[in-house]
Amino acid sequence: PIKKGSGPELDLGVKMTQAENLPPLYPFTPFHHRYLCRMAKIYPIDLLNFLSKQTPRRVVNALKVVASYYATRWLQKPQVWGKPFTVSFEPTTACNLRCPECPSGLREFTRPTGNLKADFFIRTMDEIADRLLYLIFYFQGEPYINPNFLDMVKHASERGVYTITSTNGHFLNDKNAKRTIESGLDRLIISVDGTTPEVYEHCLLHTSDATDESRRATTSAHAT
């Protein structure tokens, strides 16, 4: 099943999954809805890549967090061990589309909007990167709108952190597709809300003919 409000994922030669923000070892974490866990698809190469980025410090920290979760349940008293083993950064709240189910598309945010500052991201990563199992680079905006997005991905990748992002694909021209590969991004999700241009444009207002170009550019960059 696909969650209400989201479309099927189209395989363009890059790693994608319907359970968008789940790492290959998602069942290891007890903090999300179990039905999403059943949706996750494991890609062997992706799994090996994920495991290769884990260090003893990261694994021990994650075990502490999971242990504190169960200890809290058993003791009925808050137990806090370890530090967060995953974090989500929203590169921007802006989006070029007007999806009818999204606060960004509807332009109805009730929180501050704007782009993630690169210096803030780097400072935060310097504090937590050595304990992160994975990092999610999206929420309600289109990540590629932030001009520093791929530089931040590269910084995280250089720190050995497994990175995930999701995009509508409209900014994946030849240049950005190549830069995405070079940034070291580990998992790229391209959301498609319709299997035909008519359905897609009906679901996502203010779309353009960029979908075909994005498909071609992404496949080309992956092949090279």
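Start by selecting Arg 131: its relative accessibility is 22%, so Arg 131 counts as partly exposed (buried is under 20% relative accessible area, exposed is over 50%, and partly exposed is in between, with a 1.4 Å probe and protein chains only). Numbering runs from 1 along each chain as its sequence is written. The model is predicted, so local features need pLDDT of at least 70 and side-chain atom pairs count only at pLDDT 80 or more, while totals for chains, interfaces and linings use all residues; side-chain values use heavy atoms, leaving out hydrogens and water.

Next stop, helix α5, residues 118-128 (helices are DSSP runs of H or I, at least four residues; strands are runs of E, at least two; both are numbered from the N terminus). Pick Asp 119 and Arg 123, which sit four residues apart there, about one turn of the helix. Their closest N and O atoms are 3.8 Å apart, in a salt bridge. Asp 119 is partly exposed at 47%, and Arg 123 is partly exposed at 48%.

Last, select Asp 46 and Arg 187, a salt bridge with its closest N and O atoms 2.5 Å apart. Asp 46 belongs to helix α2 (residues 44-52) and Arg 187 to strand β4 (residues 187-190), so this pair ties together parts 141 residues apart in sequence. Both residues are buried.

Conventions
A salt bridge is a side-chain nitrogen of Lys or Arg within 4 Å of a carboxyl oxygen of Asp or Glu.
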